[in-house]
Amino acid sequence: GASSSGMEEVLRAADSESLLRELARRGLDVDSEATRPRSSHVVGALRPKDAASDARASALDAALEAVGVAGGGARLAEGPPLKAYNAFVRPRDPSRAGTQTVENAAHQIAFLQRHELTRRRDHFRNTDAAARARDAAGLEPHDIVVVLDNLRSAENVGSIARSADCARCREIITCGFTPNPVSTAKVAKTAFGAETAVPFRHFDNTLDALRHLRDQGDCTVWALETVDHSTNYTAAPLPDRGRGAVAVLLGNEVSGVNADLLDAVDAVVQIPTYGSKNSMNVA
């Protein structure tokens with residue numbers, strides 16, 4: 001059989017021949033302008049300065065100082081903060097350098113700097129380490145199910161997922177047109193990974209979801225809604241833990257929990273408010 005080096009030469013020849021045929025089919029000359037590299041820049045290397053680079057660096061350093069990044073570009077962490085700094089000071093296309101204001105660039109770099117420094121610090125809670133510790137301790141999810149009745153905002157669903165993960169809820173059930181991680185990637189924008197930590201299920205009809213929970217076993221359902229007969233959650237009798245799961249029903253951002261569902265729950269509770277709004281955001 002052919003040696004590995006011989007096979008490599010055959011493959012190179014075949015690939016080159018195919019490439020030349022494709023170039024010919026498109027009417028391109030190997031030495032034409034269209035087939036030459038558009039840039040000689042090496043990935044990872046600093047782009048050369050242009051006539052305005054020093055002025056941009058000086059203005060950006062001052063803007064970084066103003067937003068609390070002491071030392072300007074000289075004190076930035078390696079990685080995303082420094083890359084963003086150099087991209088502003090040494091742009092790929094100097095003619096378009098004014099499309100981002102120096103103030104906007106400073107705020108972006110300041111955020112990247114904080115994020116990078118936080119990532120490196122050991123005293124901040126590490127999500128993976130926390131998950132491993134929970135698994136090692138054999139901690140089971142709390143028997144709490146969050147039921148979402150026709151929410152419209154994927155970002156709200158993502159925020160609820162984060163709260164549900166913090167409370168170690170058993171699952172989230174989305175109903176009707178409520179977004180979920182399968183239907184849209186927008187949930188992940190505010191869930192920050194919690195959408196994979198808490199199981200999701202979907203029902204087309206919220207009442208069917210509540211019936212399903214009760215068919216699985218005893219389940220107490222609380223609706224969180226501001227209606228005349230709502231009870232402050234601090235005054236409501238706590239569900240009997242011996243009855244199994246507790247389902248918390250949350251409603252649409254504008255119309256709330258569907259009125260027809262309020263007759264199907266065990267209690268309607270509310271979080272008291274003391275301002276001009278009669279309810280908090282659902283998330």
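## Overall composition

In this predicted model, the protein chain contains nine helices and seven strands. Of its 283 residues, 31% are buried.

Contacts in the protein chain between residues at least 6 apart in sequence were also examined by separation: 78% of them join residues at least 24 apart.

## Strand pairing around β7

Strand β7, residues 267-270, pairs with strand β4, residues 219-224, in the parallel sense, and three bridges link the two. Within this pairing, tryptophan 222 lies opposite alanine 267 of β7.

Strand β5, residues 231-232, also pairs with β7 in the parallel sense, here over two bridges. Threonine 231 has valine 269 in β7 as its bridge partner.

## Packing of α2 and α4

Two packed helices are described by the angle between their axes and by the distance between those axes. For helix α2 (residues 53-66) and helix α4 (residues 102-120), the axes come within 9 Å and cross at roughly 55°. Because of this angle, α2 is oblique to α4. The crossing of the two helices is right-handed.

On the α2 side, the contact involves Ala59, Leu60, Ala63 and Leu64, which meet Val102, Ala105, Ala106, Ile109 and Ala110 of α4. Classified by residue type, the contact of α2 with α4 comprises nine nonpolar residues, with no polar and no charged residues.

How values were computed
Residues are numbered from 1 along each chain as its sequence is written. This is a predicted model: local features need pLDDT of at least 70, side-chain atom pairs count only at pLDDT 80 or more; totals for chains, interfaces and linings use all residues. Side-chain values use heavy atoms; hydrogens and water are left out. Two strands pair if DSSP finds at least two bridges between them. Helices (H or I, at least four residues) and strands (E, at least two) are DSSP runs, numbered from the N terminus. Axes are lines fitted to C-alpha atoms, for helices over the stretch in contact, and angles run from 0 to 180 degrees between N-to-C directions. Angles under 35 degrees count as roughly parallel, over 145 as roughly antiparallel, 65 to 115 as roughly perpendicular and the rest as oblique. A crossing is left-handed if the near helix is turned anticlockwise from the far one by less than a right angle, and right-handed if clockwise. Contact means heavy atoms within 4.5 Å. Ala, Val, Leu, Ile, Met, Phe, Trp, Tyr, Cys and Pro count as nonpolar, Asp, Glu, Lys and Arg as charged, and the others, Gly among them, as polar. Buried means under 20% relative accessible area, exposed over 50%, partly exposed in between (1.4 Å probe, protein chains only).
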